[in-house]
Amino acid sequence: MDTAQKIQQLIAQYPTRQSALMPCLWAVQDEHGWVPPASVTMLVETLGVTRAQVEELLTFYTMFRTAPPAPGS
């Protein structure tokens, strides 16, 4: 199952699309090892949130990576 399908399943589990943001970020990071800018754009469009809301979570929670992990890590 690809990330887009996972995101659609996650959205279905929450009362609003916006409330699925954090689990969707986890799904993206699980697939890529980090949260690339293109994925941020996709989440903004899919969930109906602002880029600022996504960036706020990415910078507040240290468990999200905003850059690719170093090779071998």
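Modeller: Leucine 21 is buried, with a relative accessible area of 6%. Buried means under 20% relative accessible area, exposed means over 50%, and partly exposed is in between (1.4 Å probe, protein chains only). The model is predicted, so local features need pLDDT of at least 70 and side-chain atom pairs count only at pLDDT 80 or more, while totals for chains, interfaces and linings use all residues. Residues are numbered from 1 along each chain as its sequence is written, and side-chain values use heavy atoms, with hydrogens and water left out.

Leucine 21 sits in helix α2. Helices are DSSP runs (H or I, at least four residues), as are strands (E, at least two), and they are numbered from the N terminus. What does leucine 21 contact, leaving aside its neighbours within four places in sequence? The partners are Leu43, Leu47, Gln53, Val54 and Leu57. Contact means heavy atoms within 4.5 Å. Glycine 72 is 51 residues along the chain from leucine 21, and their C-alpha atoms are separated by 29 Å.

Take one of those partners, leucine 47. Its place is in helix α3. At 0% relative accessibility, leucine 47 counts as buried. Leave out residues up to four places away in sequence, and leucine 47 touches Ile11, Arg17, Gln18, Ala20, Leu21 and Cys24. Glutamine 18 is 29 residues from leucine 47 in sequence, but the two are 5.5 Å apart in space, C-alpha to C-alpha.

Now the helices themselves. α2 and α3 have their axes 11 Å apart and pack at an angle of about 145°. Axes are lines fitted to C-alpha atoms, for helices over the stretch in contact, and angles run from 0 to 180 degrees between N-to-C directions. The crossing of α2 past α3 is right-handed. A crossing is right-handed if the near helix is turned clockwise from the far one by less than a right angle, and left-handed if anticlockwise. On the α2 side, the contact is made by Leu21, Cys24, Leu25, Val28 and His32. Ser39, Met42, Leu43 and Leu47 come from α3. The residues of this contact divide into seven nonpolar, two polar and no charged. Here Ala, Val, Leu, Ile, Met, Phe, Trp, Tyr, Cys and Pro count as nonpolar, Asp, Glu, Lys and Arg as charged, and the others, Gly among them, as polar.

Next comes α4. Helix α2 (residues 21-32) and helix α4 (residues 51-60) cross at roughly 65°, and their axes come within 11 Å. That makes α2 roughly perpendicular to α4. Angles from 65 to 115 degrees count as roughly perpendicular, under 35 as roughly parallel, over 145 as roughly antiparallel, and the rest as oblique. α2 passes α4 in a right-handed crossing. Leu21, Met22 and Leu25 of α2 meet Gln53, Val54, Leu57 and Leu58 of α4. By class, this contact of α2 with α4 has six nonpolar residues, one polar and no charged.

Which residues of α4 are buried? They are Val54, Leu57 and Leu58. These residues cover an arc of only 100° around the axis, which puts them on the same side of α4. The arc is that of the directions from the helix axis to the C-beta atoms. They pack against α2 and α3 (37-47). On the other side of α4, Ala52, Glu56, Thr59 and Phe60 are exposed.

That leaves α1. Its axis and that of α2 cross at roughly 160° and come within 9 Å. α1 is therefore roughly antiparallel to α2. This crossing of α1 and α2 is right-handed. From α1, Thr3, Ile7 and Leu10 meet Pro23, Cys24, Ala27, Val28 and Glu31 in α2. The contact of α1 with α2 has six nonpolar, one polar and one charged residues.

Threonine 3 lies in helix α1 (residues 3-12). Threonine 3 is buried, with a relative accessible area of 8%. Beyond its neighbours within four places in sequence, threonine 3 is in contact with Ala27, Val28 and Glu31. The buried residues of α1 are Thr3, Ile7, Leu10 and Ile11. They cover an arc of only 100° around the axis, which puts them on the same side of α1. The buried residues of α1 pack against α2 and α3.
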